[in-house]
Amino acid sequence: SLTIIYLVSLNNDYKNINTGFLGLSHQWGQSQLLMGSFNTLFNYQYLNLIKNITSLTQDTLSIHIGAANDEKFTKIYNEDIHSLQDFYAEAKKLGIFTNYILGFNADTKSIDTLVQQLYNVYELMYHEAIKSVEINLDADNFSKYKIRESSYNYNKYIEEFDNISTHIKNQVLGSINFSAAAYNSYSQSISDSAGIYNHWKYLNALEETSNHSFNTISTKSYLLNNDSTNKSGLLNSSLSKQYSDWLHATLDWAKRHKKQFRLTEFNAIQGGKPGVSDTYESSLWLIETLCQLAYSGVDGVNIHSNNWSKQYGWDVNAAFRFNVPRATFQISHTIQPPKDLVFEDSYSLQKVLPVYYGIYVFAHATNGKAKLMPVNISGIPNISAWLFETPQKTYQLLLINKNDTLQKLNVNIGEYLQNNSVTIKKLQAPTLQSRDNITYAGRTFDGSTTGDWMGEYKPEKIENITDKTIELNINPYQVILIEL
């Protein structure tokens, strides 16, 4: 059957994608592994992969450097700081703009040590490179990991946050923006109005108690549990009602109090799940979810991606993976590497994972500070459509087929057709579980050693359009980006 999509006389319910929306998140130690430094070896392949994204968004990409959730105190080494500084400076020299959200775990007993560490950071780094300092993002897990007493709650978090940030403000040079925890576990249990009230009560108490300025509330956010094993666990898991309620309650508070709200550590499954997180399914899920979050008004999303992890060796949530020089690992102060890691004399790109394709296609759709809005498609479940408007008043239509069958679409472009032709780029893979042979407009990262695309760029073109209507076949689990 043929489904008709009308782009004529849409209600123009566009939402701006906020400046600096896209970002990445790495743990301390892992960030040094990924970036390298001039003291050891610099990872130009990582820089190239970042450049691929920022060349599309024409925007600053934030990199969240976070503490491990079972870490009582985040100890920062000079090698970490040199790595961040070298990467920022080299990227800037090449016209690639980045900044850092620096995450720390600490308690009030560690204030003096934390202040000294941050003083070192501000002495060694460009101040402009630091977007914000994030304190105790994992506070709701502190009791679970036995790094606080069982009675630890958000009132004690507020007291700690205020003491630490006040001391930092008084003793560290330069203007510092702080990010406070939006409290995912305490506050996400808001299935009713009482839960939302308690969430606002926490945020209001944080605002009233603080004797300093914080401009952002942030959270780590994983939408699914690790036991999600059904075939299309990700694709069938759009934002749940409970998550959406929590999200919109937090956004409402942030807007009224002129704060930003950012998901500084985000992915589908905490710790990842082999066969799901590292497959093509995660590409489709991420594109759709980034559209939903951008449209909801979230100020930014930092996709969590390490080189390796405690759980599976190689990080299955990662966007890319590198073999690293032994010298870099030896000074990185991170966890032990996977058993099959082969140390080399220089960096080498081992693999670009499906998550990266999702980031790239979303970045391509935004095409530089775009607006977006959802397009309603009646008659076919599990097909999403999003219309993007750039500042130059050009338009792109993003279609995501989450079905296992081919769908025939008739797209009535109407007023959004810029000329008598459209350009089409397709993201596809052999199966939903594919780890390799993913292509976008004919190209792939399979076999890339530099972070550059491999193969010939082959977008498709439909010309001589009549009645401002095009017919499309969208294959199972295919994503199509149409430049109108």
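Predicted model: local features only at pLDDT ≥ 70, side-chain atom pairs only at ≥ 80, totals over all residues.
Good morning, colleagues. Eight strands close into it, in the order 3-4-5-6-7-8-9-10, and their pairing is parallel. From one strand to the next, the twist averages 30°.

I shall now go along part of the barrel, pair by pair. Strand 5, residues 98-104, pairs with strand 6, residues 130-135, over five bridges in the parallel sense. Within that pair, Ile-101 stands opposite Ser-132 of strand 6. Strand 6 is also joined to strand 7, in parallel, by two bridges. There, Glu-134 has Ser-179 of strand 7 as its bridge partner.

Strand 7 covers residues 178-181, and four bridges connect it to strand 8, the two running parallel. If you look at Ala-181, you will find Ser-218 of strand 8 opposite. Strand 8 in turn pairs with strand 9, residues 260-269, through eight bridges, again in the parallel sense. In this pair, Ser-221 faces Phe-266 of strand 9 as its opposite residue.

Is strand 8 largely enclosed or largely open? Nine of the eleven residues in strand 8, which spans 214-224, are buried, so this strand is largely enclosed by the rest of the structure.

Helix 2 touches strand 3 (22-27), strand 4 (61-66) and strand 5, and its direction makes about 155° with that of strand 3. Helix 11 lies across strand 3 and strand 10 (300-304), and runs at about 155° to strand 3.

These two helices also meet each other. In general, a pair of packed helices is described by the angle between the axes and the distance between them. For helix 2, residues 44-57, and helix 11, residues 354-366, the axes come within 7 Å and cross at roughly 25°. Angles under 35 degrees count as roughly parallel, and helix 2 and helix 11 are therefore roughly parallel to each other. On the side of helix 2, the contact is made by Leu-49, Asn-52, Ile-53, Leu-56 and Thr-57; on the side of helix 11, by Tyr-356, Ile-359, Tyr-360, Ala-363, His-364 and Thr-366. What classes of residue form the contact of helix 2 with helix 11? Seven are nonpolar and four are polar, while no charged residues take part.

Let us take Tyr-157 as an example. Beyond its neighbours within four places in sequence, Tyr-157 is in contact with Ile-135, Asn-136, Ala-139, Tyr-152, Ala-180, Ala-181, Tyr-183, Tyr-202 and Leu-206.

Asn-136 sits in the loop between strand 6 and helix 5 (154-171). Although not a glycine, Asn-136 has a positive phi of about 55°. Its relative accessible area is 0%, so Asn-136 is buried.

Lys-258 likewise has a positive phi of about 55° without being a glycine. Where does Lys-258 lie? Lys-258 belongs to the loop between helix 8 (241-256) and strand 9. Is Lys-258 buried or exposed? With a relative accessibility of 75%, Lys-258 counts as exposed.

Finally, I would draw your attention to Met-454. Met-454 is found in the loop between strand 20 (439-440) and strand 21 (460-462). Because its relative accessibility is 35%, Met-454 counts as partly exposed. Leaving out residues up to four places away in sequence, Met-454 touches Arg-443, Thr-444, Asp-446, Gly-447 and Ser-448. Met-454 and Gly-442 are twelve residues apart in sequence, and their C-alpha atoms are 9.0 Å apart in space.

To conclude, please keep two points in mind: eight strands close into a barrel with parallel pairing, and helix 2 packs on its sheet. Thank you for your attention.

How values were computed:
Residues numbered from 1 in each chain as written. Heavy atoms only, no water. Axes fitted to C-alpha atoms, helices over the stretch in contact; angles between N-to-C directions. Parallel < 35°, antiparallel > 145°, perpendicular 65-115°, else oblique. Contact = heavy atoms within 4.5 Å. Nonpolar A, V, L, I, M, F, W, Y, C, P; charged D, E, K, R; others polar. Buried < 20%, exposed > 50% of the residue type's maximum accessible area, 1.4 Å probe, protein only. Pairing = 2+ DSSP bridges.
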